[in-house]
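Please look at the structure below with its helices in mind, and keep the sequence beside it as you read.

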Amino acid sequence: MAIRRFLLAAAVSFPLAAFALPAHVRAEDAPPGAGDADSARHKFIGVINGLSVFVRSSPREDAYPVMRLDKGQQVTVVGIKFKWLKILPPEGSFAYVPKAYVNLRGDGKVGRATREVIAKVGSTLNQLKTAPMAKIEDGQDVEILGEQDDYYKVKPPEGTYLYVNESFVDPLQGQPVAEAKPAKPKPERTARAKPEVPPAGAPGNAVKPAAPEAGNAVAVGPKTEIPSVTPDGAAPTTQPVDAVAVDSQELFNKLEADFKAANEKPITDQPIDALMTGYTDLLKLNTLTPRMREIGEVRVSTLDLRTKAKAEFLALRGTQVQAADRQKALSAERDEIQQRIKEKEVHFYAAVGTLRASSIQRGGGTLFRLTDPSTGRTVAYVRSSDASYATMLGQFVGVKGTLTTDTALNMKIIEQPTSAEPVDPSKVNDSVAAQIIPPSLMPRVPTARASD
């Protein structure tokens, strides 16, 4: 890769002793082993070549991101650790220091540490504060940038670094490598250790972008032809590249947020199919960290179970709806039958007729007359002390009770009837029957004619 070749071109001409860390680099920032190029020997300006590239807190793919840099932004590279470039903290970087160990001075823009404390890497993308950034000595001043919860945000101390994957940084063309006194190279290593650095723009200096690391975006654009360098330094060839914008970290975070929101909803309202498609597509990416892949596989298994559970629930609910519809139909049919029975039911009375007041009053209680609605002639008497009879005057009613004969009136009478209610005169001889019926409502018997 261009960065590695650029660094090696400068590194091979220096003695091994030159790889000692500078005095200003703190012990906790030193690499765990070989693979971290000397900061002093490899300081150069790099240019970001991708879109939305993550700067990370540590030289690892699973280290939390600190900020994003866009294509064309410059970074100061001071070393290389495996495939990660060690850079000076870009503008906007900060560290966390507990408030309990800092006393503010003056206008509150400067604080002094009251004990030795480890400053943690701050991030503009999340609330994490776990990666160590530098050791703050007792009595050391720090520049206060802000505060959050129980921490002050402070300017990154001198000698602190952040990391970006070498695939997303190109050296700024035309800049010289830092000067250093070369040692006498060993004969057997001279031929190998002196690779020529082609001038900017020469065919051998073309850079081929590497595959994206986890959490870093790939440059977006149409299908293009990009140059690549052949192993033997021959003329570059071109190969097609389908540039696809994939930010696995953002996609993973969005799916996790949607999954959490879905958990708050009933299973019938959860977007299970959309989540299943999202996690399935996520697992096809080869830029996932092991932890992200493990969580994605668990989510797919969970969503598969929810798919089956949702199908069973919907089937059961469909059965319940069908049962409720059948019950509703049966209830409607029963009501219809009861209505028909009620319509065909025959009500029996002692006498029916239009209720009117009587001019003859004798004995206990009020005397009423039941009359023929056509002729007004009395067909029976009713004696009652119930005041409700007065409210039915002028209505055609049916009266229940025992019929007797009043010799003085020479008429049938119902003494103290059990009940009385309005009835439909047209129902007489159909659903209304009585012992005494007005003559005008009696069924007519056809008479025989001479011709018959």
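The crossing of H3 and H4 is left-handed, a term used if the near helix is turned anticlockwise from the far one by less than a right angle, with right-handed used if clockwise. This contact is made by Ser248, Leu251, Phe252, Leu255, Glu256, Asp258, Phe259 and Ala262 of H3 together with Leu275, Gly278, Tyr279 and Leu282 of H4, where contact means heavy atoms within 4.5 Å. The model is predicted, with local features needing pLDDT of at least 70 and side-chain atom pairs counting only at pLDDT 80 or more, while totals for chains, interfaces and linings use all residues. Residues are numbered from 1 along each chain as its sequence is written, and side-chain values use heavy atoms, with hydrogens and water left out.

**The protein overall**
- The protein has six helices and 24 strands, which are DSSP runs numbered from the N terminus (helices are H or I with at least four residues, strands are E with at least two).
- Of its 452 residues, 36% count as buried, meaning under 20% relative accessible area, whereas exposed means over 50% and partly exposed lies in between (1.4 Å probe, protein chains only).

**Helix H3**
- Helix H3 covers residues 248–263, and its 16 residues should span 22 Å at 1.5 Å a residue, which agrees with the 22 Å between its end C-alpha atoms; the expected span is 1.5 Å times one less than the number of residues.
- Ser248, Gln249, Phe252, Leu255, Glu256, Phe259 and Ala262 are the buried residues of H3.
- They cover an arc of only 150° around the axis, which puts them on the same side of H3; the arc is that of the directions from the helix axis to the C-beta atoms.
- These buried residues of H3 pack against strand E2 (53–56), helix H4 (272–283) and helix H5 (290–344).

**How the helices pack**
- The axes of H3 and H4 come within 10 Å and cross at roughly 155°, where axes are lines fitted to C-alpha atoms, for helices over the stretch in contact, and angles run from 0 to 180 degrees between N-to-C directions.
- That angle makes H3 roughly antiparallel to H4 (over 145 degrees; under 35 is roughly parallel, 65 to 115 roughly perpendicular and the rest oblique).
- H4 and H5 pack at an angle of about 150°, with their axes 9 Å apart, and this makes H4 roughly antiparallel to H5.

**Helix H5**
- The buried residues of H5 are Met292, Ile295, Gly296, Arg299, Val300, Leu303 and Arg306, and what covers them includes H3 and H4.
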